[in-house]
Amino acid sequence: MKKVKIVTGFMRLTQTKLLQKAQMILQSMTGNPNFPTPTPPLTDLSAANAAFATALANPKSASNTALKKQLRASLIALLNQLALYVQMNCNNDEIIALSSGYSIGKTKQPFGVLAKAENFKATPLHNGAIKLSNKKIAGADSYIYEYTTAPVTETSTWITVNSTKAKTVISNLTSGTCYAVRVAGIGANPTIVYSDIITSFVL
């Protein structure tokens with residue numbers, strides 16, 4: 001069973017969005033039978049939210065700007081603490097978790113065998129280097145790029161280069177030599193599906 005994950009990330013919200021999110025959580029948690037004893041108390045969250053709202057409504061000044069930063073930090077700290085309480089008491093139930101007003105992380109859908117790489121290209125760079133790139137493969141956590149001297153035979157030895165991105169640069173190759181290259185996405189399924197083999201001369 002996938003674990004329900006409460007999302008916080010309040011630092012990324014604008015002042016107004018933070019105020020709105022805090023208010024929604026406060027309303028959702030008030031009287032919610034799924035969370036009978038919120039920690040910290042909702043009265044603390046209510047007071048912090050009201051103080052922050054007042055500061056936002058006050059005229060701009062150096063002192064008010066400093067106050068807003070302080071109140072914002074305090075409000076976010078309370079929301080993060082309350083998120084831990086919700087996480088521990090939602091019983092790994094998405095509906096219960098969402099009833100708190102908090103957002104939850106998206107559940108990654110399991111992938112089967114990954115698709116064959118598309119738009120695979122090999123571009124010669126400076127002496128002894130080739131840039132390899134391909135279209136991102138859905139579900140791939142990383143990629144393995146392999147190369148060997150051309151032409152490919154049954155006895156060819158493939159050398160592997162790992163990359164977390166859908167591109168990499170292979171260096172220290174022999175100038176004037178033609179290389180065969182291929183790529184495959186790596187995911188949860190152990191089956192590896194290689195791309196078509198392409199070739200490139202090294203400058």
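**Before you click**

This is a predicted model, where local features need pLDDT of at least 70, side-chain atom pairs count only at pLDDT 80 or more, and totals for chains, interfaces and linings use all residues. Residues are numbered from 1 along each chain as its sequence is written, and side-chain values use heavy atoms, with hydrogens and water left out.

**Stop 1: the whole protein**

Switch to cartoon view. You'll find four helices and nine strands; helices (H or I, at least four residues) and strands (E, at least two) are DSSP runs, numbered from the N terminus. Now show the C-alpha trace: along its principal axes it spans about 75 × 45 × 20 Å. The radius of gyration is 27 Å, well over the 17 Å that the globule rule gives for 203 residues, so the protein is more spread out than a compact globule. (That radius is taken over C-alpha atoms, and the rule is 2.2 Å times the number of residues to the power 0.38.) Of the 203 residues, 36% are buried, meaning under 20% relative accessible area with a 1.4 Å probe, protein chains only.

**Stop 2: the largest core**

Select I25, M29, L45, L75, L79, L82 and Y102. These have the most contacts inside the largest nonpolar core, which has 28 residues. Such a core is a set of buried Ala, Val, Leu, Ile, Met, Phe, Trp, Tyr and Cys residues joined through side-chain atoms within 4.5 Å. Next, colour α1 (15-29), α2 (42-57), α3 (62-89) and α4 (94-98): each supplies at least two residues of this core. The largest share, nine residues, comes from α3.

Zoom in on M29. Which residues is M29 in contact with, leaving aside neighbours within four places in sequence? They are F35, P38, L42, L82, Y85, V86 and S100, where contact means heavy atoms within 4.5 Å.

**Stop 3: a second core**

Now pick I137, A140, Y179 and V183. They are included in a second, separate core of 17 residues.

**Stop 4: N134**

Finally, select N134, in the loop between β4 (130-133) and β5 (142-149). Is N134 buried or exposed? N134 is buried, with a relative accessible area of 9%. Not counting residues up to four places away in sequence, N134 touches A117, E118, N119, F120, Y143, Y145, A166 and V183. Show the side chains of N134 and Y145 to see a polar contact of 2.6 Å joining them; a polar contact is a pair of N or O atoms within 3.5 Å, and within protein one must be able to donate a hydrogen and the other to accept it, while residues adjacent in sequence count only if both atoms are side-chain atoms.

How values were computed. Buried < 20%, exposed > 50% of the residue type's maximum accessible area, 1.4 Å probe, protein only.
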